[in-house]
Every structure is written in structure tokens, then in C-alpha cells.
Amino acid sequence: MPTYLIEREIPGASSLTDEELRGITATSNDVVAGLSRPYTWRHSYVAGDKIYCVHDAENAEDVLEHARCGGFPANLVAEVSAVFDATGPRELPV
């Protein structure tokens with residue numbers, strides 16, 4: 001299943017509290033459970049006014065549906081074609 005990187009522009013994202021992040025987590029998990037198709041939210045990073053998420057989905061439209069159903073922005077959805085780190089190329093998924 002392809003892996004996608006999602007960029008979400010959320011002003012003040014870096015100021016979100018743990019409680020607010022737990023709320024986002026619960027909403028995202030509820031949406032994933034309701035999609036009735038293969039979909040995995042791997043993890044997310046908060047940086048400045050953005051949240052970057054890594055999801056596995058059959059296609060980009062499923063990622064966009066997750067965003068719509070959860071009320072999340074999805075300013076960029078890009079399929080990951082390769083992963084590498086200090087040791088060199090790695091296997092997908094991330």
C-alpha cells in the first residue's frame with residue numbers, strides 16, 4: 001500500500017497542548033475506523049504552523065477523504081517514493 005506525506009497548515013500548531021493533540025488523535029482514529037478500507041495513520045510531526053503526517057492508503061483520494069471527514073486541512077498530499085537516512089536507503093513503509 002502506498003505511503004503518503006500530508007502537510008497540514010494549522011496556525012499555532014506548535015502551541016497545541018497535549019490535550020488538544022489527544023483530541024486530534026481521537027478524531028483521526030475515529031475517521032480511520034469509519035473508512036471501511038485499508039488505511040493506517042503511522043505518525044505525525046508538529047513543526048511551526050504545520051503538522052506533517054505519514055499515512056498508508058490505497059490512493060490520495062482516501063487521504064483527502066480522511067481529511068474531509070476529520071475536518072483537517074490537507075494542503076499537500078504527496079506519495080512517498082523513497083526513504084533514506086544516515087545509513088542510506090530504507091524500505092517503505094516509513
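Me: Let's begin with Asp62: is it buried or exposed?

Reply: Asp62 is buried, with a relative accessible area of 5%, where buried means under 20%, exposed means over 50%, and partly exposed is in between, using a 1.4 Å probe and protein chains only. This is a predicted model, in which local features need pLDDT of at least 70 and side-chain atom pairs count only at pLDDT 80 or more, while totals for chains, interfaces and linings use all residues. Residues are numbered from 1 along each chain as its sequence is written, and side-chain values use heavy atoms, with hydrogens and water left out.

Me: Okay, and which side chain does Asp62 meet in a salt bridge?

Reply: Its partner is Arg37, at 3.3 Å from N to O; a salt bridge here is a side-chain nitrogen of Lys or Arg within 4 Å of a carboxyl oxygen of Asp or Glu. The pair links distant parts of the chain, since Arg37 sits in the loop between α1 and β2 and Asp62 in helix α2 (residues 60-70), 25 residues apart. Helices (H or I, at least four residues) and strands (E, at least two) are DSSP runs, numbered from the N terminus.

Me: Is Arg37 buried or partly exposed?

Reply: Arg37 is partly exposed, with a relative accessible area of 30%, whereas Asp62 is buried at 5%.

Me: Which residues are linked with that pair in a network?

Reply: The network of salt bridges links Arg37, Asp62 and Glu65.

Me: How many salt bridges does the structure hold?

Reply: There are six salt bridges in the structure. Among them is the one between Arg68 and Glu61, at 2.5 Å from N to O, where Arg68 counts as exposed at 53% relative accessibility and Glu61 as partly exposed at 41%. Another joins Asp85 and Arg90 at 3.5 Å, again N to O, and in this pair Asp85 is partly exposed at 33%, as is Arg90 at 39%.

Me: Back to α2, please. Which of its residues are buried?

Reply: The buried residues in α2 are Asp62, Val63, His66, Ala67 and Gly70. They lie on the same side of the helix, because they cover an arc of only 145° around its axis, the arc being that of the directions from the helix axis to the C-beta atoms.

Me: And what does the face turned away from there carry?

Reply: That face of α2 carries the exposed residues Arg68 and Cys69.

Me: What do the buried residues of α2 pack against?

Reply: Their packing partners are β1 (3-9), α1, β2, β3 and β4 (76-79), with contact meaning heavy atoms within 4.5 Å.

Me: New topic: where is Met1?

Reply: Met1 lies in the segment before β1, and this residue is exposed, with a relative accessible area of 53%.

Me: Which residues is Met1 in contact with, leaving aside its neighbours within four places in sequence?

Reply: With those neighbours set aside, Met1 is in contact with Pro38, Tyr39, Asp56, Ala57 and Glu58.

Me: How far apart are Met1 and His55 in space?

Reply: From C-alpha to C-alpha, Met1 and His55 are 9.9 Å apart in space, although 54 residues separate them in sequence.
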